[in-house]
Amino acid sequence: YKLSVSPEMDIMEYCRKEWRGNTPAAKRMRKGYEAVAQKFASIRRIRGDNYCAFRATLFQALSQATQLPKWLQSEDFTMLPENLLSKYDWIKQWQLRQKPGKRMGEISDEIKEYLILLRKKWKNISEIKSPLEKQEACDKLFKNEEEEYCLYEALKFLMLNTAIELYNADKSGRRVPVFSWLLFARDTSSNPCQLMQNHLNHIGHSGGLEQVEMFLLAYALQYTIQVYRLYKFSTDEFITLYPNDPQEEWPMVTLITEDDRHYNIPVRMCQETML
């Protein structure tokens, strides 16, 4: 049993513990943490196991959810696996966590269950009115390893669906966001099938999310993901938004990274920031 999201700790106390030296890197990190501490009082460490971008984003989204997103309400949401499989035979090569080699015929039902679980958890948590109870419900969910990984499997599948939509839109001459070109400009993901085989199937196993896949996650969830990238302190990439031209109606979550590989979360906005 490992804590997925550790209890909150004062940001500057955490920084002093982690970055003691006088190297240029340590100085930059301390400056970065000081800037974050202007807005947030505490930090919660996210367990690092190649799912940390999913874990940090989903935890933040659920802990501030007050309603079910529109895309989660649609009736055909849970039909996604069947609908996609009927059009794209290659999706049978989807790798389920801890079930490599399982045939996609069976996998379709499992992914449907994961999507239903995502909707159920999001709905239940968003209906909790008390902030304290909402936080407790999130903490409880992220202590249940079995459910947690099912939710990440659902997120990965939503990313695949979003990638297919963007790819088809571009092929039919419609406007797509710039990151979509970058996503499919990689040798390893020139189409959605390659993206699945070479990237999505490996997330959580042998790697985490790359930068361009953070955009894809943001689009799949219809959330703006704001990231304090501490090693970029004093550059214009210190605070990066995914996507960088967010839709006004999309809610925003905030993460912290020291290296674009591992993500933690800032919590407790300082009072003056909220005003």
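Predicted model: local features only at pLDDT ≥ 70, side-chain atom pairs only at ≥ 80, totals over all residues.
User: Why are α3 and α7 called roughly antiparallel?

Analyst: Helix α3 (residues 52-63) and helix α7 (residues 131-141) pack at an angle of about 150 degrees. Angles over 145 degrees count as roughly antiparallel, and therefore the term applies to α3 and α7. Their axes are 9 Å apart, and the crossing is right-handed.

User: Why is Thr-224 called buried?

Analyst: The relative accessible area of Thr-224 is 2%. Buried means under 20%, so Thr-224 is buried. Thr-224 is placed in strand β3 (residues 224-229). Leaving out residues up to four places away in sequence, Thr-224 touches Leu-241, Tyr-242, Pro-243, Pro-246, Trp-250, Pro-251, Met-252 and Val-253.

User: What makes Lys-123 partly exposed?

Analyst: Lys-123, in helix α6 (residues 104-126), has a relative accessible area of 39%. This value lies between the limits of 20% for buried and 50% for exposed, and therefore Lys-123 is called partly exposed. Lys-123 and Leu-72 are 51 residues apart in sequence, while their C-alpha atoms are 9.1 Å apart in space.

User: How do you know that Tyr-14 is buried?

Analyst: Tyr-14 has a relative accessible area of 3%. The limit for buried is under 20%, so Tyr-14 is buried. Tyr-14 lies in helix α1 (residues 11-18). Among the residues that Tyr-14 touches beyond four places in sequence are Tyr-33, Ile-43 and Glu-258. The C-alpha atoms of Tyr-14 and Arg-44 are separated by 9.6 Å, although the two residues are 30 apart along the chain.

User: Which residues touch the most other members of the largest nonpolar core?

Analyst: They are Leu-118 and Trp-122, in a core of 78 residues. Helix α8 (residues 145-171) gives the most to this core, with 14 residues. Apart from it lies another core of 13 residues, including Val-36, Leu-230, Phe-238 and Ile-256.

User: What does Trp-122 contact beyond its neighbours within four places in sequence?

Analyst: The contacts of Trp-122 include Leu-58, Ala-61, Leu-62, Trp-71, Leu-221 and Tyr-223.

Methods:
Residues numbered from 1 in each chain as written. Heavy atoms only, no water. Core = buried A, V, L, I, M, F, W, Y, C linked by side-chain atoms within 4.5 Å. Buried < 20%, exposed > 50% of the residue type's maximum accessible area, 1.4 Å probe, protein only. Helix = DSSP H or I, 4+ residues; strand = E, 2+ residues; numbered from the N terminus. Contact = heavy atoms within 4.5 Å. Axes fitted to C-alpha atoms, helices over the stretch in contact; angles between N-to-C directions. Parallel < 35°, antiparallel > 145°, perpendicular 65-115°, else oblique. Left-handed = near helix turned anticlockwise from the far one by under 90°.
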